[in-house]
Structure formats: structure tokens, C-alpha cells
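This report goes through one protein model, from its overall make-up to a few selected parts. Please keep the sequence and the 3D view open while reading.

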Amino acid sequence: MWRNEGFGAGAGGQVRNERLGRLPPLPTLVLVLAAWACGEPGRTEWERRLRAHLETVPVVDCHEHIRPLQPDERPQNFYTIVAGSYLHADLVSAGAPPLDADVLQKSDPVQLWESHGRFLELTRQTTYYRHLLAGFRRLYDYPDDAFTPQGIDRLSDQIARRYADRDAWFAHAFRQAGFEVMFLDKHWDPWNPEVDTRYFRPVFNITALVTSISRRSALAASAGNNPFTMAAGRGDDLRELGSYLRSAEDLLQQFQAAGAVAIKNTLAYSRTLRFEEVTRERAETLFRRDDLSPPEVRELEDFLVHWLIERSIAADLPIQIHTGYLASNRLRLDQTDPMLLNNLFIRYPRARFVLFHGGYPWTSQVTALAKMFPNVHLDLVWLPQITKSKAMAALDEMLDTVPYNKLFWGGDCHYIEESVGSLEVARDVVAATLAARIARGDLSESLAREIATAIFWENARRFFGLTAGDESPDG
Ligand SMILES: [Zn+2]
């Protein structure tokens, strides 16, 4: 049965299309024509209405890397933001030289267009390009549908003015786009849980903790804070595994005291996502040695990952896990298949796992895992920027298979401009996917609105235990 609520059928009404056969239902045709008439070709009326609804939904952004203002921060312009954005990877993939600090410092805008302009033009259709453009269009009223030398000059002037008071600019952009809170993964400062609580909640990224376990000699001698210097400060024996685990426990408690909402595992960037079970006895033996082979290092890391999952259960903290495609250009994609995590979901039914990025390109695999396991959830984070079309197809498949309380969204960016662009594309993806389901007769408009609200706001608030101001924006 084809069912439509809230548009063209009257309040609570139903419309049947059995007699229309293979033709699109009449309301769909009317809506498409209406969309053309109102100047949004390609966007149906349902899509436009859902998109407008999403503008009213506050956003719990479950993953960001926005850096705080640095005292020695260089002046920002269009190219510095591109260098810190995902688009940079597409430029390099097209053949461009990296926009490193040296190039950015030594080149003027004319030289940068000469060296990188043609690569920008080759990426005009990628979602990395399109989402960054969407961010500039929303925040800077950028008028064009592509970056041009003149447009870039104007943008750079605007960016310099905004970043003269970065705190005020960030606050404005954050509110203007509709963010309520962002979960901040400070991978560059992994032992420090402090965040600006006006905007952020901390996430405990365990990657450095796990990869440091086999680096005693280098880290114990360093001046900075790390698990070995923490253990030395307590007077612990650095050759005993227990000393390292006490530091890990201390860090976990520091993050919880600072309001951490989750543990984050980004180990896919440096190793396989297969984590085998290793006994404590074996781990203690390995920990005392300084001459570990790569497979032995992996065993030690595996032990710690299992230990941390057990601790996450006791602390009631969800575990966010990077799966699939990796940022940057030359890494081991084959090690990031979400199916490699299957043993953990069986072994730890009380742990709460959140798989990131739709596991791209393994979107069906993460979907099947979330369908099968009550303790596996899906965060669409970054997927809409990697590929808008696959994000829509993946979300459609997820909605076919997975209860919608298990879906979240995040941006995964270093600059607010890109976070806002990311949100723009994600709202487009969710609105278009839900609108297509309404048009097919698979969803009512009222349920589509509920699902949209759940993905961007309600699910994360409930799942991650955010408490203040619980009134639904639909209410
Ligand atoms: Zn990230």
C-alpha cells in the first residue's frame, strides 16, 4: 500500500495508487513540478519540506576534530583551510603537490592558483569539493558554484576578517548552522581531556594509549605526559603491565570527570581491525620485553583493546570505531574492513559499539552487522562527504534493515567551515533519502520527520547520555 501523510491527502489521510500502475503517483508528479516552479530543480516538495524541517532540528554532532586557537596560529585564508580539509586528499589524488606549510608560506594567491588551480578544477564534481563549497556558501554567502581565482580572493579576504576574532567567528558559525554540541576527538593531544564546554564534549581517543604500550624506552625518557611518565610519577615499576594499566585507568577516569561521552578507536589507521584474545599472562611476558616483533606488538595491543572494552562496559561508555576508508592518500584500506570486528561483538554483548563512516566501501557489511547485533550502532559520520550518492544508497539500505534508533551523524572536520559544509551535505542526504522513500510509498512524511530528527539529535542525546533540555524539537 502506498501511504502518504501530511501532504496532498489531508490530515491523517491516505492515498492509494494501485490503479496508477508503473506511473509515478500523481502527487509525486505535482511535487516535482512544484519544485521546478519554486526554483529548486531536482528537489521534490517532500525533500524541500524535510530539508526545511532539518533546519529546525538542533544537531548533536558525534565527531569533530576542531582545534582550539593556537597562540602562534598563522593567518588563515582559502588555501590554509583547503590544506586542512578533506579536499586536499582529492587534489593530491589528482596529481597536485601537497599544500604543506612551506608551500603555503612561500606562495602568493596567484602562484597557488597556478600550482593548484587545475587540480581544483579536476575535483569540481567530488563530494569533498562540493561539501567544502557548501560550507563557504552557507557561512560566507559565496555566490558561485565553483571556486574561481576571483572568488578565492574574495573568500580569503572574508576569512582573514572573520579569523581576526576566531572565537567570535566560531561561536557565530556554530549557532548559525544549528549545532547544539560537538563530540571532540583531540587526536593531537590524546592525554588531555579538557575541551571548551560551551561547544564540545570530550571523547577519549585510545589509539595513542594502545600504540604506546610497546614504546616504553622512547616514552619513559620523554618530558611530556604519557602513560609511562604517569607511572613513573606514581613510583610504579615501568616494566610491569599493571603500571601501564593503572595509567590507562587514570586517563579513563580523567576523561570521565571531564564529561567524556565515548571512547574512540582509530587504530585502523595503523593496523588491522582484527583484535585477537590474548591472556593477561602472555601480555605481562610481552610487556617486560624490549625486543618485540611486529606480531608480538600486535598481541600486546590486542590485549589492551580487549581490556579497554571491558573497562568501557564498567564505565558505561560507548566505543566509536573507525571502519573503512582512511583520510590521506597511501594507507592500508584492506585492514579496515568492519567484518574484522565481528568477534568483538559476540565476545562483548554488553559493550556498546558505534561503527563509523558506513564502513565505506563496506556499507552493506556494517549495515548487516548493525542489523544482527543489538550492541552495534552506525554513525554516518564523514560518509556524506566521501560520497554523497553512496551515502544516500547506504542510508536507504540502513533504513530497510536497521531500527532507526541506532543511527547517528558527525562531521569529522578540523575547520568549522568544513563542519558546516559537511552538515549541509548530510542534511541533503537524509532529506533526499527520506523523500524518495515517501515518494515510493515506503514511508509517511510524519515518520520521515521523526527519523530525520532522530538521526541528527534525539538518538545521540539518548545513547550518549546527554541530559539538559530534553524537549523534542518536534514537540
Ligand atoms: Zn575523525
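Two residues are in contact if their C-beta atoms, placed from the backbone, lie within 7 Å. The model described here is predicted. With contact defined, helix packing can be described: the buried residues of α4 pack against α3, α6 and α7 (127-140).

**Overall make-up**

The protein has 21 helices and eight strands. Of its 475 residues, 45% are buried. Among contacts in the protein with a separation of 6 or more, 72% are between residues 24 or more positions apart.

**The sheet**

The eight strands form an open sheet with parallel pairing, in the order β1-β2-β3-β4-β5-β6-β7-β8. At the edges stand β1 (59-64) and β8 (407-408); each has a single partner strand, so one side of each has no neighbour in the sheet. The partner of β1 is β2 (residues 179-184), and four parallel bridges join the two. In one of the pairings, Asp 61 has Met 182 of β2 as its bridge partner.

In α4, the buried residues are Leu 87, His 88, Asp 90 and Leu 91. Seen down the axis of α4, these residues fall within an arc of 160 degrees, so they line one face of the helix. Just after α4 comes Gly 95, which has a positive phi of about 120 degrees.

In α6, Leu 112, His 116 and Leu 120 are buried. An α-helix has 3.6 residues a turn, so residues three or four places apart point the same way. The cover over the buried residues of α6 includes α3 (78-83) and α4 (87-94). A kink of about 55 degrees is centred on His 116.

| Helix | Residues in helix | Expected span | End-to-end C-alpha distance |
|---|---|---|---|
| α20 | 25 residues | 36 Å | 36 Å |

**The largest nonpolar core**

In soluble globular proteins, nonpolar side chains tend to be buried together. In this model, the largest nonpolar core has 130 residues, and Leu 380, Leu 434 and Ala 452 touch the most other members. Helix α20 (residues 416-440) gives the most to this core, with 13 residues. Most of α20 is covered, since 23 of its 25 residues are buried. After α20 comes Gly 441, with a positive phi near 85 degrees.

Which residues does Ala 452 contact, leaving aside its neighbours within four places in sequence? They are Leu 50, His 53, Leu 54, Val 57, Val 430 and Leu 434.

**A residue in a loop**

His 322 lies in the loop between β5 (319-321) and α16 (342-347). Is His 322 buried or exposed? A residue is buried if 20 or more other C-beta atoms lie within 10 Å of its own. His 322 has 26 C-beta neighbours inside 10 Å, so it counts as buried. Not counting residues up to four places away in sequence, His 322 touches Asn 265, Thr 266, Ala 268, Phe 356 and His 357. From His 322 to Gly 358 there are 36 residues in sequence, while their C-alpha atoms are 9.4 Å apart in space.

Terms used: Residues are numbered from 1 along each chain as its sequence is written. This is a predicted model: local features need pLDDT of at least 70, side-chain atom pairs count only at pLDDT 80 or more; totals for chains, interfaces and linings use all residues. Two strands pair if DSSP finds at least two bridges between them. The bend at a residue is the angle between axes fitted to the seven residues ending there and the seven starting there. A residue is buried if 20 or more other C-beta atoms lie within 10 Å of its own, exposed if 12 or fewer, and partly exposed in between; C-beta atoms are placed from the backbone. A nonpolar core is a set of buried Ala, Val, Leu, Ile, Met, Phe, Trp, Tyr and Cys residues joined through C-beta atoms within 7 Å. The arc is that of the directions from the helix axis to the C-beta atoms. The expected span of a helix is 1.5 Å times one less than its number of residues.
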